[in-house]
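User: I would like to learn how to read a few features of a protein model. Can we go through them one at a time?

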Amino acid sequence: MKNKREDIVMAVFIADALSFGSHWVYDTDKLKEEYTGIINEFRAPMSNFHEGKAAGDLSHYGEQALALLRSISDNKGFNLKKFKADWIKHVENTEMYMDHSMKDTLNIFKVSDTLIGADNVELGGIARSLPLFIEEDISKEEFMNLVHMTHNGEVVDQTAEFVYQVMKDILDGKNYKEAIENNKDINQFILDNFNKIGPKDKIVENADDRGQGCSIQQGLPIVLDVLWNADNLMEALTLNIMAAGDNCPRGMVIAAIMAASEGLDTIPAELIDGFNKSKEVKELI
């Protein structure tokens with residue numbers, strides 16, 4: 001990869017495809033039977049929600065992120081109005097699971113010219129927006145508006161602001177842990193979750209206790225636990241997968257933050273080259 005911004009984008013898609021094999025499997029004991037050691041191969045999804053998808057495919061989060069990357073490339077830069085049209089075309093013509101945020105947003109866009117979509121507080125809106133960091137000098141307003149196209153709510157704003165600022169600080173030269181710690185006071189929600197970070201050997205247990213659902217309230221604590229404890233990106237992606245549940249958007253956020261700081265040095269070539277949209281992503285970035 002030529003630069004960290006390209007590493008960020010590549011890492012987002014690798015994380016999504018790697019996590020997709022166990023996406024929406026909530027039984028951590030089952031995952032302990034399925035996986036041992038560092039997870040370094042793509043698998044076909046176990047969940048019936050993704051029937052027909054193959055090893056190395058992208059989840060619906062990754063597909064929306066791909067639509068964003070294509071839109072940026074086709075339009076010679078990010079334009080929210082153009083992306084709205086590109087997003088509608090992509091989600092209506094791509095075979096994938098349609099979650100509530102996608103369905104509700106499509107229904108809103110059918111009757112309105114608004115750029116603001118569903119009232120939804122899941123982590124997926126932030127995750128699918130991460131390829132925006134391929135662009136130089138992206139403002140917080142642009143990032144927030146992009147997230148708002150499918151997800152809206154106080155906790156969405158609180159978390160999106162945190163992720164944006166952490167990414168900006170890393171790209172400005174800070175280590176990712178330093179960036180996280182420096183921004184832990186950005187709002188009370190982030191501070192409360194930062195203060196709950198546990199040890200590495202409790203990540204799965206704590207995820208079982210707190211829940212591993214799609215909401216930011218359940219997803220962000222796992223993201224922070226993993227970021228604070230993992231020794232490298234491959235271990236981070238493995239820890240996130242073993243925490244079960246809605247692992248794809250969590251993995252995408254984790255991967256973006258760590259790759260912005262450390263690149264793709266710990267990612268095997270077979271993962272960089274092996275997911276099914278790898279060639280296209282490389283061409284787009």
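**Reading the model**

Analyst: Start with Trp87, which is found in helix H4 (residues 80-93). Helices here are DSSP runs of H or I with at least four residues, and strands are E runs of at least two, numbered from the N terminus. This is a predicted model: local features need pLDDT of at least 70, side-chain atom pairs count only at pLDDT 80 or more, and totals for chains, interfaces and linings use all residues. Residues are numbered from 1 along each chain as its sequence is written, and side-chain values use heavy atoms, with hydrogens and water left out.

User: Does Trp87 count as buried or exposed, and what sets the classes?

Analyst: Buried means under 20% relative accessible area, exposed means over 50%, and partly exposed lies in between (1.4 Å probe, protein chains only). Trp87 has 0% relative accessibility, so Trp87 counts as buried.

User: Which other helix residues are buried?

Analyst: Two examples will do. Val281 sits in helix H16 (residues 278-284) and is buried at 0% relative accessibility. Leu106 belongs to helix H5 (residues 100-111); at 10%, Leu106 is buried too.

User: Now salt bridges. What counts as one?

Analyst: Side chains of opposite charge can pair when their charged atoms come close. The cut-off used is a side-chain nitrogen of Lys or Arg within 4 Å of a carboxyl oxygen of Asp or Glu. The structure holds twelve salt bridges.

User: Which residue pairs with Glu235 in a salt bridge?

Analyst: Lys200 does, at 3.0 Å from N to O. The pair links distant parts of the chain, 35 residues apart: Glu235 is in helix H13, and Lys200 is in the loop between helix H10 (188-194) and H11. Glu235 is buried, with a relative accessible area of 16%. Lys200 is partly exposed at 29%.

User: How close are the N and O atoms of Lys202 and Glu205?

Analyst: The closest N and O atoms in that salt bridge are 3.3 Å apart. Lys202 is partly exposed, with a relative accessible area of 34%. Glu205 is also partly exposed, at 41%. Elsewhere, salt bridges that share partners join Glu34, Glu41 and Arg43 into one network. Within it, Arg43 bridges to Glu34, with the closest N and O atoms 3.1 Å apart. Arg43 is partly exposed at 24%, and Glu34 is partly exposed at 34%.

User: Where is the negative surface patch, and which residues form it?

Analyst: The rule comes before the case. Patches take residues with over 30% relative accessible area and no salt bridge; like charges are joined within 9 Å, and nonpolar side chains (Val, Leu, Ile, Met, Phe, Trp, Tyr) within 5 Å. Asp and Glu count as negative, Lys and Arg as positive, while His and the chain ends are not counted. Each charge is placed at NZ of Lys, CZ of Arg, CG of Asp or CD of Glu. Here the patch is formed by Asp27, Asp29, Glu33, Asp208 and Asp209. Helix H2 (28-34) and helix H11 (203-210) each supply at least two of its residues. Glu33 is in helix H2 and is exposed, with a relative accessible area of 71%.

User: Which residues have a positive phi?

Analyst: Most residues other than glycine have a negative phi. Trp24 has a phi near 65°, a positive value in a residue other than glycine. Trp24 lies in the loop between helix H1 (4-20) and H2 and is buried at 13% relative accessibility. Lys76 has a positive phi as well, near 55°. Lys76 lies in the loop between helix H3 (60-74) and H4 and is exposed at 77%.

User: Last one. What does the UniProt annotation "binding site" cover?

Analyst: According to the unreviewed UniProt entry, that annotation covers Asp246. UniProt positions are given in the numbering used here, feature names are shortened, and annotations may be inferred rather than shown by experiment. Asp246 is in the loop between helix H13 (233-242) and helix H14 (247-262). Asp246 is buried, with a relative accessible area of 2%.

Key
Accessible areas come from the Shrake-Rupley method with a 1.4 Å probe; for residues, only the protein chains shown count as cover.
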